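Hi everyone, thanks for coming. Please have a look at what I'm putting up on the screen, and then we'll walk through a few spots together.

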Amino acid sequence: MTDLTLNAVSAPAAGISVPGAAVYPGLDDWRDLPIAQQPTWSEHPSFGPTVKELSSVPPLVFAGEVDVLRSRLAQAAQGKAFLLQGGDCAETFEAATADKISSRVKTILQMAVVLTYGAQLPVIKMGRMAGQFAKPRSSNDETRDGVTLPAYRGDIVNGFDFTAESRQHNPERMLKAYHTSASTLNLIRAFTQGGFADLRSVHEWNRGFTSNPAHSRYERLAKEIDSAIKFMASCGADFEALKTVEFFASHEALLLDYERALTRIDSRTGLPYDTSAHFLWIGERTRDLDQAHVEFLSRVRNPIGVKLGPTTSADDALALIEKLDPNREPGRLTFITRMGANNIREKLPNLVEKVTASGAQVLWVTDPMHGNTVTSPNGYKTRRFDDVIDEVRGFFEVHQAQGTFPGGVHVEMTGDDVAECLGGADPIDQEAFLTGYESVCDPRLNHKQSLELAFLISEELRKSV
Ligand code: PEP
Ligand code: MN
């Protein structure tokens, strides 16, 4: 599937393991396999010392938390919870500020309240945050005005500025990614454990959204939620206890030098966990069965996601289950489908049918972003809000027809007022891109579009509960 000629390859020679790295059978088997989408930095003088340092730094997440998440995802796979996973396409070091992190967490919490009401189920809240720094690219290079430089591969590899110096692959960036992830996660933990997540304040924030005349159609749902909260209060619900929420971190496990170095052996169980995040996913471009990413992630205990695009065959899906979840462990495997609005109704049914018939119980999640990327007439990479909604609707329709559970949504979003995706009830047009386009990679839903999506999904979910 992946054309390796398009991808820089830097796996060290077979058998090389890093001094100080956690030892467990199979953890280095990926080094013998082809690997796509890696930086060319293994000869860099800082590579060895950096990986060695990363092998001994404290874990970003703890194995016990990872196990809790696995049990939550198992609930979702059984139709008893719903996953909301959202955040930047590519986090940057520069944007890891308190304001931006808090507005993103706030938006995810706002979406979660609306979805909880719609689904009448617990919503698992997960950020594409605190580690989403590595990006797969369709080309190794980028050319501007006749100048060709290495493509931007995310802040963990090189800089976004279009200069030869910035675009150089620098392994020391992995340390900066680790520390930025740590400070981001620290703030997320403070927000979600320290009272910021109080259901009543989150609902108040949503009132601001529905007071915009463009969103008046959501007022009814917001009022229903209001009544539900008042009802809970009258019944003596302990809102103090509801002030804290669980929030999990996730990113694409693309850069295996980094993921391997942050893998630790859990002292309780003696098993390996990738402690860079609670949940890791394998991207559409690196999900080849016989290559390094699938092999490495098959060895760690974290719950794993795999993105499935429109070319995925049922056999691919079944083989991924066999390799990544041989014991059919509840919550272990999530399939994140990103077919495109035009494809989902045609391509998804066969996958769902064959996977269900095999007896496997995976969690099905929709990513309505990556199959719907287009270029705007004025040259920006964008997505139409209507296509995003249409893919979500298609996802629900297919699962309803198959009798399976549409278990979650994975979106690229921000809490800020950016202009990157077209449309929405308070519409963004392409002129707005000229001043409001901030993403260094794919276009994200802005704050209002994210909430609108949550209200629309909530309406869909209301139909099925
Ligand atoms: C992404 O999630 O940013 C991404 C690159 O997705 P995909 O692997 O689905 O293309
Ligand atoms: Mn993306």
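Let's start with this: is Asp226 buried or exposed? Asp226 is buried, at a relative accessible area of 13%; buried means under 20%, exposed over 50%, and partly exposed in between, with a 1.4 Å probe and protein chains only. This is a predicted model, where local features need pLDDT of at least 70, side-chain atom pairs count only at pLDDT 80 or more, and totals for chains, interfaces and linings use all residues. Residues are numbered from 1 along each chain as its sequence is written, chains are lettered from A and ligands numbered from 1 in the order in which they are written, and side-chain values use heavy atoms, without hydrogens and water.

Asp226 sits in helix α7, residues 219-234 (helices are DSSP runs of H or I, at least four residues, strands are E, at least two, numbered from the N terminus). Beyond neighbours within four places in sequence, Asp226 is in contact with His203 and Arg207, where contact means heavy atoms within 4.5 Å.

Next, helix α10, residues 314-324: Ala314, Ala317, Leu320, Ile321 and Leu324 are buried there. They cover an arc of only 125° around the axis, so they're on the same side of α10; the arc uses directions from the helix axis to the C-beta atoms. Their cover includes β8, β9 and α11.

Finally, ligand 1. Among the residues surrounding ligand 1 are Trp281 and His370, going by heavy atoms within 4 Å. A polar side-chain atom of Arg338 lies 2.6 Å from an oxygen atom of ligand 1.

Notes:
A polar contact is a pair of N or O atoms within 3.5 Å; within protein, one must be able to donate a hydrogen and the other to accept it, and residues adjacent in sequence count only if both atoms are side-chain atoms.
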